[in-house]
Structure formats: C-alpha cells, structure tokens
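I opened this structure to learn my way around it. These are my notes, in the order I looked things up.

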Amino acid sequence: MTKKELRGLYAHRGLHDKPVIPENSVPAFRRAVEHGFGSEFDVHMIADGSLVVFHDAELERETGVVGKIRDYTLPELKKLRLEGTDEQIPTLDEVLAVYDGKLGADGRPLQLLVELKVDGSNQKKLVEAVTKRLDRFNGEYVLESFDPRAVHELKKQRPELTRGQLIQNFVTHDLTMPKIQSAFLTAMPYDVITRPDFIAFRFADKEMPCLRRVLRRKGVSKAVWTVRTPRAMAVAQKMGCSVIFEKFIPEQK
C-alpha cells in the first residue's frame, strides 16, 4: 500500500456549529461531508473494547457527567448526551459510515485524520483495533497521536500506513504534566525512532526549534492545528501546511 499524502483542509472534530451541532458528533461529520471537507477526530477504546469518537479523557466538559470515558461500556455511554443536545457519543463505525465512499469536488476521497487517544499503556491494543476497523473502510485516512508510543506502534504493526506525531509546547500548554515529561515531549528526541511521516503542530507553537529540526528531514509533511480565522489559514498555507480548522468555513479553491 502506498502511503497517503496529507490533503488540504480538515474540519476539527467535524464541522461543528455550537451550541446546535456538538463537536465529534454525527451531524458535525455529515455537515463536513456536505461542505466537501475531510475531518479530524479522536478515538478512544473504552471498558468493553468498543471504539468511540470523543476528545477528552474526562466526560464532564461534553456531557456534564463526571467520570473517565475509559471506565464506561458502550451501552452506558449511549445514555449520555453531547453539549445539551439530543446527540450521542458516536462509535468509530458510525463516523466512518458518514464518510464511506464520499468524494470531494476533485473526485478524490475525503480524507480522515484519525487521532489515537492512548490511555495508560493501551497503545498496542488501540492501534491494532483501530487499524483493523479501518481496513474495512471504503475511504482514505491517515493516523496521528500525541503519544509517541502509539506512533511507534503504528510503525511496528502497520508501517505501510501514514503516521503522524502531534506536537505542541507542553511546557507552556500543559501545566499538569511533570516538567521532565513535558520537556521530553516538547523536544521530540524520540522522532528518530518513531519516524513519523508528518508532524501536526499547534499554530501558536510554529516557531519551536524542534519543529525546524524535524521538518528539515526529507519527506516529512506538516499540518497545523487549530486554525480559527481565514488570516491564520493563509499564514499556515503559506508555510506549506495542511490545515485543521474550526469556527469558520474556508473557501476551497
């Protein structure tokens, strides 16, 4: 299988429109398809082994329920509602069904940017389960994770798939993390082992020295998140980045 190239624009957690259309909801992904955009979204493995699309490790921000998503079974999660709407937390199957066989204006498949949310040390099981499901998907996708263990696991299990490393300045943006860990993740010394095909980085951190080092390596693509204005999108595209956007609808050339 030939590795896929990043292609253009991705709606961040679907083309949501809060408070009417929640992030990472089936209507958000349907709206993205209607506008001809691929989507970025997040996948967790929960207590019964099901794969669900949800961003946070904690349920409270999106559902109002206190607890960790990993501790729930699928029937339990399906009783919850997103952001005060009638929408449920979707399964990976439900999201893929929205995109199955869908083409963009250029006649090519709308591409998905699938983020793997590692919990504890479940990266091996998560990579195996997600890629096995994606093998049956009639569409195009690339995978990414903040956790270099997941990126490394993709390299070992499925080297033919396009894998990306999410990066930000953890020292600045994640004050809950131990300083040694945040410094390690920010510096990215592990990239020589994981060898990501692309780097997806926070727009505000685009000047980080480690990015310049990694992106000098031949063949490494780049994506930027989360872009929230047309002006920021123009800057990102001038840098040669694919763009993960929200809060506006970009014009497509």
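Where is the place of Gln165? I found Gln165 in strand E6. Strands here are DSSP runs of E with at least two residues, helices are runs of H or I with at least four, and both are numbered from the N terminus.

Before going further I noted what I was reading. This is a predicted model, in which local features need pLDDT of at least 70, side-chain atom pairs count only at pLDDT 80 or more, and totals for chains, interfaces and linings use all residues. Residues are numbered from 1 along each chain as its sequence is written, and side-chain values use heavy atoms, with hydrogens and water left out.

**Entry: Gln165**

Is Gln165 buried or exposed? Gln165 counts as buried, because its relative accessibility is 0%. Buried means under 20% relative accessible area, exposed means over 50%, and partly exposed lies in between (1.4 Å probe, protein chains only).

I then listed what Gln165 touches, leaving out residues up to four places away in sequence. Among them are Ser145, Phe146, Asp147, Pro148 and Val151. The list also includes Met188, Tyr190, Pro196 and Phe198. Contact means heavy atoms within 4.5 Å. I also checked Gln165 against Val227: they are 62 residues apart in sequence and 18 Å apart in space, C-alpha to C-alpha.

**Entry: aromatic rings**

How many aromatic pairs does a search of the whole structure find? The search finds six. Rings of Phe, Tyr and Trp (its six-membered ring) pair if their centres lie within 6.5 Å; planes under 30 degrees apart count as stacked, over 60 as edge-to-face and the rest as tilted.

I took up Phe146 and Trp225. Their ring centres are 5.7 Å apart and their planes stand at 90°, so this pair is edge-to-face. The pair links distant parts of the chain, 79 residues apart. Phe146 is in the loop between strand E5 (140-145) and helix H6 (148-157), while Trp225 is in strand E8 (residues 221-227). Phe146 counts as partly exposed because its relative accessibility is 24%. Trp225, at 13%, counts as buried.

Ring pairs join Phe37, Phe245 and Phe248 in a cluster. Lys206 lies over the face of Phe203, 4.1 Å from the ring centre. For that, NZ of Lys or CZ of Arg must be within 6 Å of the ring centre and within 35 degrees of the ring normal.

**Entry: H5 and H6**

How do H5 and H6 pack? Helix H5 (residues 123-134) meets H6 at an angle of about 55°, with the axes 9 Å apart. That makes H5 oblique to H6. Axes are lines fitted to C-alpha atoms, for helices over the stretch in contact, and angles run from 0 to 180 degrees between N-to-C directions. Under 35 degrees counts as roughly parallel, over 145 as roughly antiparallel, 65 to 115 as roughly perpendicular and the rest as oblique.

From H5, the contact uses Gln123, Lys124, Val127, Glu128 and Thr131. From H6, it uses Arg149, Ala150, Glu153, Leu154 and Gln157. I noted Pro148, Ala150, Val151, Glu153 and Leu154 as buried in H6. Their cover includes strand E4 (111-116), H5, E5 and strand E6 (163-167).

I also looked at Arg133, which lies in helix H5. Arg133 is buried, with a relative accessible area of 15%. Leaving out residues up to four places away in sequence, Arg133 touches Leu92, Asp93 and Leu96.

**Entry: H1 and H4**

The axes of helix H1 (residues 26-34) and helix H4 (residues 92-99) come within 9 Å and cross at roughly 20°. That makes H1 roughly parallel to H4. Val26, Phe29, Arg30, Ala32 and Val33 of H1 meet Glu94, Val95, Val98 and Tyr99 of H4.

**Entry: backbone**

Most residues other than glycine have a negative phi, and most peptide bonds are trans. I looked for exceptions.

Which residues does a cis peptide bond with omega of about 5° join? It joins Lys18 and Pro19. The bond from Trp225 to Thr226 is also cis, with omega near -25°. Arg13 has a positive phi, near 60°, and is buried at 12% relative accessible area. Lys247 has a positive phi too, near 70°. Lys247 counts as exposed, at 65% relative accessibility.
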